[in-house]
Amino acid sequence: MASLSPLFLPHHLKISAPKFPKIYTKPTLVLCKASVSETHSSESVSGPDGTGAAAPTRGQKFLEHQLSLEAMTEKKTETKKKKKMMKKEKVLKVSMAVATCYGCGAPLQTADSDSPGYVDPETYELKKKHHQLRTILCGRCRLLSHGHMITAVGGNGGYSGGKQFVTAEQLREKLSHLRYEKALIVKLVDIVDFNGSFLARVRDLAGANPIILVVTKVDLLPKGTDFNCVGDWVVEATTKKKLNVLSVHLTSSKSLVGIVGVASEIQKEKKGRDVYILGSANVGKSAFINALLKMIGQKDPVAAAAQKYKPIQSAVPGTTLGPIQINAFLGGGKLFDTPGVHLHHRQAAVVHSEDLPVLAPQSRLRGHSFPNSRVASDNGTASEVQSSDLNGFSIFWGGLVRIDILKVLPETCLTFYGPKALRIHMVPTDEADEFYQKELGVLLTPPTGKERADDWRGLETERQLRIPYEDVERPACDVAISGLGWISIEPVSRSIRQSDSDSDLNLKDKAGELHLTVHVPKPVEVFVRPPLPVGMVGAEWYQYRELTDKEEEVRPKWFF
């Protein structure tokens, strides 16, 4: 009966039940054959921790976990070090890539001696060794500083002749980042080519950044010009462009007139931001920067030191080929000279590089009037125009412009303002075509020389102008030729009004329309604008517009 005691029943069942240990022997056998990683993996899927004779202990699991964490940490550390090294190498490569000529902004290179940015290899290595790459002036800039005409910009808006190093589109692309930055824009406009150099779509480049408008080369305006009238005229023209301009400044980089006002305005408005000098090609950006540094350097030692490595100046459009950073402000922020925006509609884009100097006036403008002016005749000698009536005549302005006078008053006068090097010739309209073909490259220059004349495409654009007038006491308008100058159209010549008072009284009530045809090379634009008040007579006829209180409040102020 003792064998049937309940005390022996569990013991009996434990001995005779072999299924219980078999359940745990299967994973045990797998664990013995597997690798450490497989063991860890199978344990996570199998039963509870600590079961089975061969199952890892908690201590072993902890050690394996720690080893795994250390391995992962070490791998992450190596990855970070590798990324850091790669980033460092990338920064070094970029810093080497942006080492530029301080004169033109072209990347320094030692491979092509004919391209901008070229430096003698020995000089380059020596400067590189001493970390002085920013003090290098490239070979092209040295030639430009000695008067050589070396163009480097091709494409739409580029220049023929010379090696095309970069296209006008690529230079414009270098300015595309401006619209996304917080910067102060100083926009330059050439007073001699106001419409052609204005950059009406400047917002595409500058974005919403504030603009200070600087009008350059005012020292070239005719003697006796009243700058109060000119300043008001510029503000009126700017307001019509609907640009958010802070202020307008009339300046001369040559005489430093107006530069103090610009420097003061920049210091007031920059507020820690970088300052970018923006403008069309050959508008005088580099000359303006040199004048600005000279003025700021009188009180700011940083600007004074920057004058040692200042941008190169030359008459070649496209001298500056990349942004040039200048440390000019003691209180922070950089000054940048930028590549000129090359416009295909200017005369400089169609003439040969060697003819470019004749397009840039070097001295004060003097108007050449027709009639009552001594002009070059078809044989090249100066002669007095006998007829006072311009109807039926054509006037050639060098080889670049032809004006056919179709219907004007007998007293009408045309006055040309532009480069002195372009000679003016007047012939009957029925002889104009033959005269142009015969004298192009000889009397009618540019283009200079018969060889360039043979490649010249001619005056392909023809624009018919109907110019209304109501007041014969003042010019009806200006006809501005992009990249060259302008022609003032007077319905009645001032000299005639002064010489005959009776005629003057009879003409006061006259009103009508003048008919002209203007011929220019195909891409060149012709602008009809309100007359620019120049010379002593400009102040006599210029009329200031009455402004409302709102207009007075939002209208930018001008300074001289």
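This is a predicted model: local features need pLDDT of at least 70, side-chain atom pairs count only at pLDDT 80 or more; totals for chains, interfaces and linings use all residues.
Local features require pLDDT of at least 70 and side-chain atom pairs pLDDT 80 or more, whereas totals for chains, interfaces and linings use all residues. Residues are numbered from 1 along each chain as its sequence is written, and side-chain values use heavy atoms, without hydrogens and water.

The protein chain contains 18 helices and 21 strands. These elements are DSSP runs, numbered from the N terminus (helices: H or I, at least four residues; strands: E, at least two). Of the 560 residues in the protein chain, 46% are buried. Buried denotes under 20% relative accessible area, exposed over 50%, and partly exposed the range in between (1.4 Å probe, protein chains only). The chain exposes about 29800 Å², of which carbon and sulfur atoms supply 54%. Areas follow the Shrake-Rupley method with a 1.4 Å probe; for residues, only the protein chains shown count as cover. Contacts are defined by heavy atoms within 4.5 Å. Among contacts between residues at least 6 apart in sequence, 72% join residues at least 24 apart.

An open sheet is built from 7 strands, in the order S7-S8-S6-S3-S4-S5-S21, with mixed pairing. Pairing requires at least two DSSP bridges between two strands. S7 and S8 (residues 335-337) run antiparallel and are joined by 3 bridges. Gln 325 stands opposite Phe 336 in S8.

Two helices lie across strands of the sheet. H11 (residues 285-296) lies across S3, S4, S6, S7 and S8, at about 155 degrees to S8. Axes are lines fitted to C-alpha atoms, for helices over the stretch in contact; angles run from 0 to 180 degrees between N-to-C directions.

Ser 286 belongs to helix H11. It counts as buried because its relative accessibility is 10%. Residues up to four places away in sequence aside, Ser 286 touches Pro 311, Ile 312, Gln 313, Thr 320 and Asp 337.

The structure holds 0 disulfides. A disulfide is a pair of cysteine sulfur atoms within 2.5 Å. For Cys 101, the nearest cysteine sulfur is that of Cys 141, 3.6 Å away, and Cys 101 is in no disulfide. Cys 101 is buried, at a relative accessible area of 0%. Cys 229 also counts as buried, at 3% relative accessibility.
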